[in-house]
Amino acid sequence: MKRLLLFTVALLCMSVAFATDYANVIVPRPLNYTTVEGSFILTPKTVVRAESQALAHAATIFAEDLTVVTGSTLSVKRSAPRNGAINLTIDSSLQAEEYKLNITSAAVNIIGGTERAVFYGLQSLLQIAAASDAVKGGVSLSGVKITDKPHFEYRGALLDVCRHIFSVEDVKRYIDILALHKVNKFHWHLTEDQGWRIEIKRYPELSEVGAYRNQTLIGRNRRSKVYDGTRYGGIFTQDQVREIVAYAAARYIDVIPEIEMPGHAIAALTTYPELGCTGGPYEVWTRWGVSPDVLCAGNEKIYEFLEDVLTEVCDLFPSEYIHIGGDECPKASWEKCPKCQAKIKKLGLKDKDGETAEHYLQSYVMKRMTEFLGKKGKKVIGWDEILEGGLAPNATVMSWRGEEGGIEAARQKHKAIMTPHTYLYFDYYQSYDTKNEPLAIGGRLPLERVYGYEPMPKMLSPEEQKYIVGVQANLWTEYISTFRYAEYMLLPRLAALSEI
């Protein structure tokens, strides 16, 4: 299929340099890799033998993607001779994401602890096939023995569709890229100051008002005062969300939605100004940055609104996690708001430990939403600001302002995901030669810097390190208006994420 053409071309180019040393073309590089004698000839007549329906489903996706290499789609069968076939098997003695890939002259055997692990083995086989030599009648796969498993349980990538929206097919292509790199979490940023991107049946006006901004800034934020004068926006319908979630699930990727609160909420406030401290009027933001206007924490209506929204979100996303933001929430409006101050007094919140009562008010909002989601069987992830004023029980911290938030969360025995902007924000320039790069938000993040990141803080004890559950790269799209540019910013840095 065309969606893999970019990756196979890149891998084929690598094969020129590395010949059949597949250890250098499999991403991430396998833990154990040994060459063996012989080679397997992959032809259009090769059968993929899958012993269960779930394995057959994974095999079908592999066979379709392999078409780029073979020119035809391989047959998938539940029963067939093992010799001359690609054999997929489950071995429960292996870990859940551990697989073995053995290529001999007789057959290709992929054994995994689960169907997910077998799927990862198939992704490695896809990369091998793309890097192998064509021979008469097929492709020659050199003999190898591979064993591989991930270090982290959480391997994520974020796509912001609020600053700039992408099509359903674009989002699917993003998921394809994640799958090829064995990334297992897709963090989907769906609400922002610049646009609300998910249909909520209970609040249809969000699709009509909050989903659109009147125009968009041209050029560098804070320097430019030039706008394009064109209305911009769009929404993902609930049917489209279900389609994308199912597409990801078929590739063993969990989709984690993010509904921002209590900041980054201008799109919601523009639609329902009564949810703000001043009552508006508000306007969906046409430039980038952090708005001083946030949801009014002293107004009970925001909790009704958020619970209604999250109820529909929970129904759409089977993921155990829901991301509720919590970052960049200015407190100035709360300091002046009679409702917020009354709520602070009612809750008995006071300035202490270097934090204001308003910080504890934000913690109240996050804890209340965490408790609500917990009753629905969901766990919460938030940006590292959710540490301020105290963490909600069982909340997972996404550490973006450096590693400090993740370290503190681990010390408090809360799970943490490392995503420091200096290493893993893929909206930063890919080169120090920024004059010859497309406009980006700033910062310099070349490939080697991503590869060089060590996400496990050494100052944590072995027991504390267990709470660092993974890493994530974030692709924010203030300056990324096309999916072609998004791919440019994502690759090859996602390969580095996959390695670390």
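Leaving aside neighbours within four places in sequence, His 323 is in contact (heavy atoms within 4.5 Å) with His 187, Ile 256, Pro 257, Glu 258, Ile 259, Ile 381, Gly 382, Trp 383 and Met 398. The structure is a predicted model, in which local features need pLDDT of at least 70 and side-chain atom pairs count only at pLDDT 80 or more, while totals for chains, interfaces and linings use all residues. Residues are numbered from 1 along each chain as its sequence is written, and side-chain values use heavy atoms, with hydrogens and water left out.

His 323 is found in strand S18, which covers residues 321-325; strands here are DSSP runs of E with at least two residues, helices are runs of H or I with at least four, and both are numbered from the N terminus. At 0% relative accessibility, His 323 counts as buried, a label that means under 20% relative accessible area, with exposed over 50% and partly exposed in between (1.4 Å probe, protein chains only). The side chain of His 323 also reaches the backbone nitrogen of Gly 325 at 3.1 Å. Between His 323 and Lys 136 there are 51 Å in space, C-alpha to C-alpha, and 187 residues in sequence.

Attention now turns to a second site. Thr 270 has its place in helix H8, residues 266-271, and with 18% relative accessibility this threonine counts as buried. The side chain of Thr 270 reaches the backbone nitrogen of Val 284 at 3.0 Å. Not counting residues up to four places away in sequence, Thr 270 touches Val 209, Tyr 282, Glu 283 and Val 284.

The protein chain has 18 helices and 22 strands. Its radius of gyration is 24 Å, close to the 23 Å that the globule rule gives for 500 residues, so the chain is as compact as a globular protein of that length; the radius is taken over C-alpha atoms, and the rule is 2.2 Å times the number of residues to the power 0.38. Along the principal axes, the C-alpha atoms fill a box of roughly 75 × 50 × 45 Å. Buried residues make up 57% of the 500 residues. Of the contacts with a separation of 6 or more, 71% join residues 24 or more positions apart.

Technical notes: Polar contact = N/O pair within 3.5 Å; in protein donor to acceptor, adjacent residues only side chain to side chain.
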